[in-house]
Amino acid sequence: MTVTTSAMPTPVAARADGKAEVVLRLAGITKRFGPLLANDSISLSLRAGEVLALLGENGAGKTTLMNILFGHYVADAGSIEAFGRPLPPGSPRAALQAGIGMVHQHFTLADNLSVLDNVAVGTERLWRPWSDRGTAKRRLLDLAGRFGLGVRPDALVGDLSVGERQRVEILKALFRDARILILDEPTAVLTPQESAGLFETLRKLTADGLAVVFISHKMNEVFAASDTVAVLRAGKLVATHATASTDREKLAELMVGRAVKPPSPAPLAPGEPVLALSAVTVKSDHGRPLLDAVDLTIRRHQVVGIAGVSGNGQTALADLVSGLIHPDAGHAALKGETVDRADPAAMVRRGVARIPEDRHSAGLVGAMAVWENLIAERYRDPAFSRLGVLRRGAARAYAHDVIDAFDVRCPGPDARTQLLSGGNMQKLILGRTLAHGPDLILASQPTRGLDVGAVSYVHGRLLEARAAGAGVLLISEDLDEILALADSIAVIHHGRLTPLLPHDRVSVRQLGLLMAGHWDILPEIVDAA
Amino acid sequence: MTEILDILVSAAFWTAVLRIATPYVLGTLGELLCERAGVLNLGIEGIMTLGAMAGWMAVYQGADLWTGVLFAAFCGALLGLLHAVLTVPLGLSQHVTGIGVTLLGTSLSYFVYRLVLPQASTPPTVTPFQPLDLPGALAQTPLTYLAFALVGLVAYVLYRTPVGLAVRMVGENPAAAEAQGLSVTGVRIGAVMAGSALMALAGAFLTLSAFNAFFFNMVNGRGWICVALVVFASWRPGKALLGALLFAVFDALQLRLQQVAGGVLPYQVFLMMPYLLSILALVLVARRASYPRALMVPYRKGER
Amino acid sequence: MRLEPRNDTPLAVRLLAPVAAVVAALALCALLIAWTGAPVLRAYGLLIEGAVGSRFALTETLTRATPLILTGLAAAVAFRAKLWNIGAEGQLYMGALAAVVLGGGMLNLPSWLLIPAVMLAGMAAGGVTLLGPAVLKTRFGVDEVVTTLLLNFVVLLLVSMLLEGALKDPMGMGWPQSAPVDPAAELPKLVERTRLHAGLAVALGLAVLLWLIDTRTIWGYENRAVGANPRAAAFAGMPVSWIMLRTALLSGGLAGLAGASEVLGLKGYLTLDLSPGFGYSGIVVAMLAQLHPLGVVGAALFIAGIFVGADAMSRAMPVPNYIADVLVATSLLCMLVAGLLARYRLRRG
């Protein structure tokens, strides 16, 4: 793969000087979820050939707005017009017919079906007695060729890489003659080079007269790909600018409502090793290696960031350190003691604080109370139970303390956990696991989906623990997060892990190449370091 | 050993195999259709019972045989609609709802039968479908032929038509189907109704073809065996046919062996075989079963 | 129209849900009764009178409720942990089988030792029967619904085989029934000259005990966590497989105890019609109770009343007593909807 960021064609937006027709108009869109005002009277318009970036923090209401546009949700107030005609609310079918296509952040593809099936489903009359697969296949290949979106129509989607799946998603929209394409956080799962490729595709599409909305919370993408930028904050549209006439600082302030200070970890000398993996291999049920002879050492006062495209073994690495799975070969050691067969309870006892990738499904039991979740890792401690009987009073008092210490916003220890916001759930997990002075912290996607306040809180707590002597294993798909926090970075690809690379000796371009599997560049980085 | 060989080469044995297989073929196809759309239908046992009773009752009241079959299918589709409404738009537990539908179908059948025939000590009979005038094992009733034809039809619909693709899609990823403009609720309800009609046909076969009367407990776990056969068949119609035939071979064999070796082992040991075989089949395929991804996962549009 | 989850379900709504479900079921079945030509109100009047209208009726209802409390608890305990045990019927017969084997003269003990020993044996037999499907579920991922359902048929055939063979009563005049249990093993009557026996006290005691375990102990805490989110429970360090197996033993044990209690308290011997579907009705009981151990008692009394009352009603008018089964099935389905409405609220748009 070559890096093409610099070789981009001139934005077509040069044409969007009032002559191109307005293809989409949103007027006064308002949507509430219970007490939360997700969209507050938002009005926007989009022209043919234009790329509009919808910029905002997590929770600002970007995805909700696009889901209303695409008919997944119905707005409480407001109207939508596509190509001059009103769009009936609440119907993806109507949106598709009006020429709107959406590429969801979590791909809506069926893994067990072929690419062609995924693209063609719903495009024919339902009661036609046979499918015309030949024509569909030719059309798919033709579109793929025209926009440089190479795919194999008969491949199972489950066998495709993340980048390929995204191409299938875009083709799905094009196959249905979409003239307006919505992409929700399209680069979140891509390497920097793949992102550049995506932007190039977007250029080809707009050159063809399509209008594109892409949702993002990353500044550099806005400047790399958009003609116009609309900024959302807390459900309100706070500004719309031509991208060329604005700058990063201004957008950042609009987006967050105040100046943002990135975390700046003070350099600390690494201490003794806390985690040591040597040649650890973990295999799936089908015998495929999920981790392939991984070597990794993490020391006290050190944050090690694991970068990589999702699905390359991050989950297995996190599960291993959580105690959920065990090495099939090789050894894992904590503070010099082997933990090859340690279960989650043993990991907790040995001083591992674990922040799981998915706080809803793995971190917390939503149907239980806050206090019940706070003692989940140590309910057998004499402090919380005696002879099998829970000491509910003591557990509640403890929960009170943790809620205060970690600033968890909730009605109290008896509140049901699923009612908490994502940020407060994450604080709950931090409180459960960091309150006991851990030696090693596993932070798996620790800020995914959090708003900016919660993100900086989590980062602050992780850096505090690092200063106090913990080693941190930070697994994140967000390269910016790794670059901001990590002392050393390793890239994971197909279950293999590069050696640790000092964060100040490796460039984003190099990380991108490593994430895409171009490990031939490793010697030049290691030599330079 | 030679006894088993003797059995296996006799035409009468294979006639029995095809007859025994028929309700399993129909029931398995019906369950497969529901599960392909992502809905586990444990109402099958009750739907088969209702189909058996309704088909027989229609004929007993003077309708012709095919009208009885159609009426059974209609009643099955109605119970299917109930199951679908509760599990699809309302998203209730498919396990518990299915058990509820089975209890309802069974009790309703018994209630109606008793209401119409309050003090029948020996069950009254009707003239059932007659085997076609064909040689050897081909001498089957039209319903058996219908069942085998339906395997081809269901396979064709699932893999070669837009509606079949829609069914598979809502069973794999309902959100994707929704995003492609399909109504997940509509497709699922339709698939469950069609599948339930097939289950009811399996029941009607028992009273209008295999036997000529309705008995209490006559379905006797056949529905549950079909649920196991669907897993065994990896949710494929062709394999479902194979599974049902294989199963019928064992069943016919145990019936024959019961006669031959009846003195040695209690007959109950033979009767247990179908159930134990089903459990064994489940264990064998469990590891590599590739479930429809959305099976038993309720889908609520726009839920956060 | 769409469903929106409620933040919190008020206690009144939770208590009202089963009442509303039962009223809806009674209304639906009224249509069925009207179809038979019988006067609906009189039919329900006779049903209620037959269930609670006299001392005799009341004790009959309580007697019938005893196994239903136990199978209802069996279902509630299992469903709480998302272990779909539909095999209570088979486990009940295994418990009964153990009771006639051990209580039929194999153990020579005084009453106060013999009765608990036989009941524990019944529990063990039921528990082990569910252990198989539970192991298949935790080790191989085999769906326990189908295996427990299929095992019901296997167990019934096993019982049938033994009743015609090894356990056949030589004095039974050829009927497939077991020899009666040792009089020392029989449960004492709670009320003289009725069929009501001490099994009821055991069932009530267990309901209270299970409620205490559920709310006060780490066992209950673990069970709730595993039932609500097994992945999070495993991540936090709970032994999920062991908790599942433990739950299976308990659930099967409760169903087995129902069988033993029917044999020791009511029948005295084992036949193939010991249970008119107590295992399946237990599922309805558990759902009506919203899986709450104390609620199970109320729900079991209600279902028992329906069965006992319907028998009385069908003797007096031409409504088949299967109306009771229809009513129970309808109650289950209505309860599912009522439970949903209690957890969600209906919103437009």
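Modeller: Let us begin with strand β3(A), both faces of which are covered: Val51(A), Ala53(A) and Leu55(A) on one side, and Leu52(A) and Leu54(A) on the other, are all buried. The model is predicted, and local features need pLDDT of at least 70, side-chain atom pairs count only at pLDDT 80 or more, while totals for chains, interfaces and linings use all residues. Residues are numbered from 1 along each chain as its sequence is written, and chains are lettered from A and ligands numbered from 1 in the order in which they are written.

Biologist: What do "strand" and "buried" stand for?

Modeller: Helices (H or I, at least four residues) and strands (E, at least two) are DSSP runs, numbered from the N terminus. A residue is buried if 20 or more other C-beta atoms, placed from the backbone, lie within 10 Å of its own, exposed if 12 or fewer do, and partly exposed in between. In a regular strand the side chains alternate between the two faces of the sheet.

Biologist: Which strands pair with β3(A)?

Modeller: Two strands pair if DSSP finds at least two bridges between them. Strand β8(A), residues 211-216, pairs with β3(A) in the parallel sense over 5 bridges, and β9(A), residues 228-233, also runs parallel to β3(A), joined to that strand by 4 bridges. Ala53(A) has Phe214(A) as its bridge partner in β8(A) and Val229(A) as its bridge partner in β9(A).

Biologist: In what order do the strands of the open sheet of 4 strands lie?

Modeller: The order is β2-β1-β4-β5 in chain A, with antiparallel pairing. Its edge strands, β2 (36-47) and β5 (85-86) of chain A, each pair on one side only. Between β1(A), residues 22-33, and β2(A) there are 8 bridges in the antiparallel sense, and Phe33(A) of chain A has Leu36(A) as its bridge partner in β2(A).

Biologist: How should I read two helices that pack together?

Modeller: Two packed helices are described by the angle between their axes and the distance between the axes. The axes are lines fitted to C-alpha atoms, for helices over the stretch in contact, and angles run from 0 to 180 degrees between N-to-C directions. For α7(C), residues 199-216, and α12(C), residues 293-316, the axes come within 7 Å and cross at roughly 150°. That makes α7(C) roughly antiparallel to α12(C), since angles over 145 degrees count as roughly antiparallel, under 35 as roughly parallel, 65 to 115 as roughly perpendicular and the rest as oblique.

Biologist: Which residues of α7(C) and α12(C) meet?

Modeller: Two residues are in contact if their C-beta atoms, placed from the backbone, lie within 7 Å. Leu204(C), Ala207(C), Leu210(C), Trp211(C) and Asp214(C) in α7(C) meet Pro293(C), Leu294(C), Val296(C) and Val297(C) in α12(C). By class, this contact has 8 nonpolar, no polar and 1 charged residues, where Ala, Val, Leu, Ile, Met, Phe, Trp, Tyr, Cys and Pro count as nonpolar, Asp, Glu, Lys and Arg as charged, and the others, Gly among them, as polar.

Biologist: How many residues do chain B and chain C each give to their contact?

Modeller: Chain B gives 36 residues and chain C gives 37. On the side of chain B that touches chain C, α5 (94-116), α10 (222-232) and α12 (267-286) of chain B each supply at least two residues, and α5(B) gives the most, with 13. That side of chain B has 26 nonpolar, 7 polar and 3 charged residues.

Biologist: How many helices and strands are there in chain B, and what share of its residues count as buried?

Modeller: Chain B has 12 helices and 0 strands, and 57% of its 304 residues count as buried. One of the helices, α7(B), residues 162-172, is mostly covered, with 9 of its 11 residues buried. The buried residues of α7(B) pack against α3 (115-120) of chain A, together with α2 (11-36), α6 (142-160), α8 and α9 (184-210) of chain B. Within α8(B), residues 174-179, lies Ala176(B), which counts as buried because 25 C-beta neighbours lie inside 10 Å.
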